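User: I would like to learn how to read the aromatic rings in a protein model. Could you take me through them step by step?

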Amino acid sequence: MAEKNNFKVGECYSRKEIAAKLGGGIQNYLPHKDGHVVCGCFRKDLNPGAPWEVLPANTDDKRRWAEQFRSQSEAVPIFLKKGSNEWEYQGRWRCVSVIKDAAIIAQKRRESGRTSLSMVLKLENVSE
């Protein structure tokens with residue numbers, strides 16, 4: 001199924017291809033352009049519940065872009081890493097809630113094996 005950005009659900013793209021179409025950097029988990037998150041690129045080893053759930057690290061930069069994504073009402077293209085420079089398109093998703101409860105974050109740290117988490121972003125698929 002093609003979307004307005006010509007990505008097809010289930011197909012893989014390189015970070016350079018994604019950036020060429022959408023803008024933003026090729027290293028960020030939430031690439032952004034002009035202060036706006038343009039897509040999400042998530043690794044399942046760091047975000048086991050992705051794309052439904054994303055676990056931003058507890059750094060100023062990661063928190064900043066997570067909060068920006070949360071504040072945007074429109075959906076963005078989401079990609080999951082499948083291999084070296086292979087990012088599978090998952091459709092368009094938007095953030096519907098943010099969890100900052102310390103007990104839940106502690107549970108997510110244990111589940112993911114990560115020590116640095118700032119919040120939990122809950123996403124929903126809005127692809128047609």
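User: Are Phe-7 and Tyr-89 buried or exposed?

Analyst: This is a predicted model, where local features need pLDDT of at least 70, side-chain atom pairs count only at pLDDT 80 or more, and totals for chains, interfaces and linings use all residues. Residues are numbered from 1 along each chain as its sequence is written, and side-chain values use heavy atoms, with hydrogens and water left out. Buried means under 20% relative accessible area, exposed over 50%, and partly exposed in between, with a 1.4 Å probe and protein chains only. Phe-7 is buried, and Tyr-89 is buried too.

User: How many aromatic pairs are there, and how is a pair described?

Analyst: A pair of aromatic rings is described by the distance of the centres and the angle of the planes. Rings of Phe, Tyr and Trp (its six-membered ring) pair if their centres lie within 6.5 Å; planes under 30 degrees apart count as stacked, over 60 as edge-to-face and the rest as tilted. By this rule there are seven aromatic pairs. One of them joins Phe-7 and Tyr-89, which are tilted, at 5.5 Å centre to centre with 40° between the planes.

User: Which type of pair do Trp-52 and Trp-93 form, and why?

Analyst: Their ring centres are 5.7 Å apart and their planes stand at 85°, so the pair of Trp-52 and Trp-93 is edge-to-face. Trp-52 is exposed, with a relative accessible area of 55%, whereas Trp-93 is buried, with a relative accessible area of 3%.

User: Which residues do ring pairs link into a cluster?

Analyst: Phe-7, Tyr-13, Phe-79 and Tyr-89 are linked into a cluster by ring pairs.
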